[in-house]
Amino acid sequence: MLDSLKDAFRLPDLKRRFLFVLGALFVYRLGALIPTPGINAAALSKLFEQSGILGFLDLFAGGALSRFGIFAMGVTPYINSSIVMQLLAVVIPSLEKMMKEGPEGQKKMVQYTRIGTIVFAVVQALGMTGWLRSAGIFSGSWIDVCVVTLTLTTGAMAVMWIGELMSDYGIGNGISMLIFAGIVARVPDAVIRTFQLLKLGELNFIVFLIAIVFMLAVIAGCILLQEGQRRMSVQYAKRVVGNKMYGGQSTFIPLRVNTAGVIPIIFASSILLFPYTIAGFFHGAAAQKIVQWFSPTSPVYMVLYVILIVFFGFFYTAVVFKPDEIAENMKKNGGFILGIRPGKPTEEYIEKVMERITLAGSAALALIAVVPTIMTRVLNIHSFYFGGTAVIIVVGVALDTVHEIEAQLLMRHYQGILKRQNKSGGLLRL
């Protein structure tokens, strides 16, 4: 990873991309520190210290929610809008047709997603304002409510714009990078607080060591899940073209265990945070019940979380993985899977294998997401939020970014990475 970063900085265009990402992340973190007008920051800080669910909500805002900065909503409205648009594209034929129209159709879908982001941002901003009012932190007039709502909605649109610019002119997926930056920005503070608790004797050293070992095991599991793949063998028949013979070699199709990456985690978390936001509109026992149910440590939340992760694992894999196209390309090039006839039987076989892999990968992803939360509760560690959600996002985004850097280097025939891959035994043919 470090070698890839070093090589990337030697190329002017990749260096510019990195510097652009760093600049965009600086602006994002700066927006998280600018307070929203009319909010009692001291009272809000005390409220966050008393509630565990708020720390989880603050995870996706990168600390902006605990300060109630102008970027307090983070990328959540954009993610919710993206989920709705992708689900509607499956149900509504006209949207599905639009997605298949190429660049022009994609532009229209992006515009609809942006409009949906505004709608979700307004609803979430009103919900957050109502929640602050019920907690006694905000007591402004309807004009003040409009100012706060407008500020938060504008901040959400600015975050969406920053993420899109990072995707276009930077490295990796911009929205995922913003979530990654928000989580990583909380690490130094968590480390300092943990060592302070150790020094004061409030945290047992043995429990701390067990937590560290468990954390490393979870990270290793995330890496194995992200990098794991099943290699499906493909044989190519020999063909004579003119005086030359082609084909006859054996290769493989790499089927990733976790094709969806961190998308199921992000989508599932965003959906489950939405009811908590809506509960801010209301008062009474029913609203409190919803808050309890959708707390990250509640059994109801965990069950729904697992179900949604598995669902979005299958859903996103079905969107990006096309067995019919793979089978058709194999047939055109004289490729076949041993024991399987080309064409429709090959497509059905690939689809069946992919369903089994996706089920195993989604189940493992859900397990990694919920087990750390349970273990943190069992070990009674509250110095910082350590959950599978944060670990999976950080590891997944880091690995995807490294892979994209290496792909960019390979596209430019960069000698440094070619030599490293040749030394490690990789076969490269350009």
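Reader: Which residues gather in a patch of negative charge on the surface?

Author: Happy to start there; bear in mind that this is a predicted model, where local features need pLDDT of at least 70, side-chain atom pairs count only at pLDDT 80 or more, and totals for chains, interfaces and linings use all residues. Residues are numbered from 1 along each chain as its sequence is written, and side-chain values use heavy atoms, with hydrogens and water left out. Patches are built from residues with over 30% relative accessible area and no salt bridge, joining like charges within 9 Å and nonpolar side chains (Val, Leu, Ile, Met, Phe, Trp, Tyr) within 5 Å; Asp and Glu count as negative, Lys and Arg as positive, with His and the chain ends not counted, and a charge is placed at NZ of Lys, CZ of Arg, CG of Asp or CD of Glu. The negative patch gathers Asp324, Glu325, Glu328, Glu348, Glu351 and Glu355.

Reader: Which elements give two or more residues to the negative patch?

Author: Helices here are DSSP runs (H or I, at least four residues), as are strands (E, at least two), numbered from the N terminus. Glu328 has its place in helix H16. The elements that give two or more residues are helix H16 (323–332) and helix H17 (344–379).

Reader: Is Glu328 buried or partly exposed?

Author: Buried means under 20% relative accessible area and exposed over 50%, with partly exposed in between; the areas come from the Shrake-Rupley method with a 1.4 Å probe, and for residues only the protein chains shown count as cover. Glu328 has a relative accessible area of 39%, so the residue is partly exposed.

Reader: How many salt bridges does the structure hold?

Author: A salt bridge needs a side-chain nitrogen of Lys or Arg within 4 Å of a carboxyl oxygen of Asp or Glu. Glu164 forms one with Arg114, the closest N and O atoms being 2.8 Å apart, and Glu347 forms one with Lys344 at 3.6 Å. The count is two.

Reader: Where in the chain do Glu164 and Arg114 sit?

Author: Glu164 counts as buried at 14% relative accessibility, while Arg114 is partly exposed at 27%. The pair links distant parts of the chain, 50 residues apart: Glu164 is in helix H9 (residues 142–169), and Arg114 in helix H8 (residues 103–134).

Reader: In what order do the three strands form the open sheet?

Author: Two strands pair if DSSP finds at least two bridges between them. Strand E1 (residues 229–236) pairs with strand E4 (residues 250–256) in the antiparallel sense over seven bridges, and Arg231 stands opposite Pro254 in E4. E1 also pairs in the antiparallel sense with strand E5 (residues 335–336), over two bridges, where Tyr236 has Gly335 as its bridge partner. The order is E4-E1-E5.

Reader: Which strands are the edge strands?

Author: An edge strand in this sheet pairs on one side only.

Reader: Which residues make the nonpolar surface patch of about 390 Å²?

Author: One of them, Val84, lies in helix H6 (residues 76–91). Val84 counts as partly exposed, at 33% relative accessibility. The patch is made by Val84, Leu88, Val90, Val91 and Ile92.

Terms used. Buried < 20%, exposed > 50% of the residue type's maximum accessible area, 1.4 Å probe, protein only.
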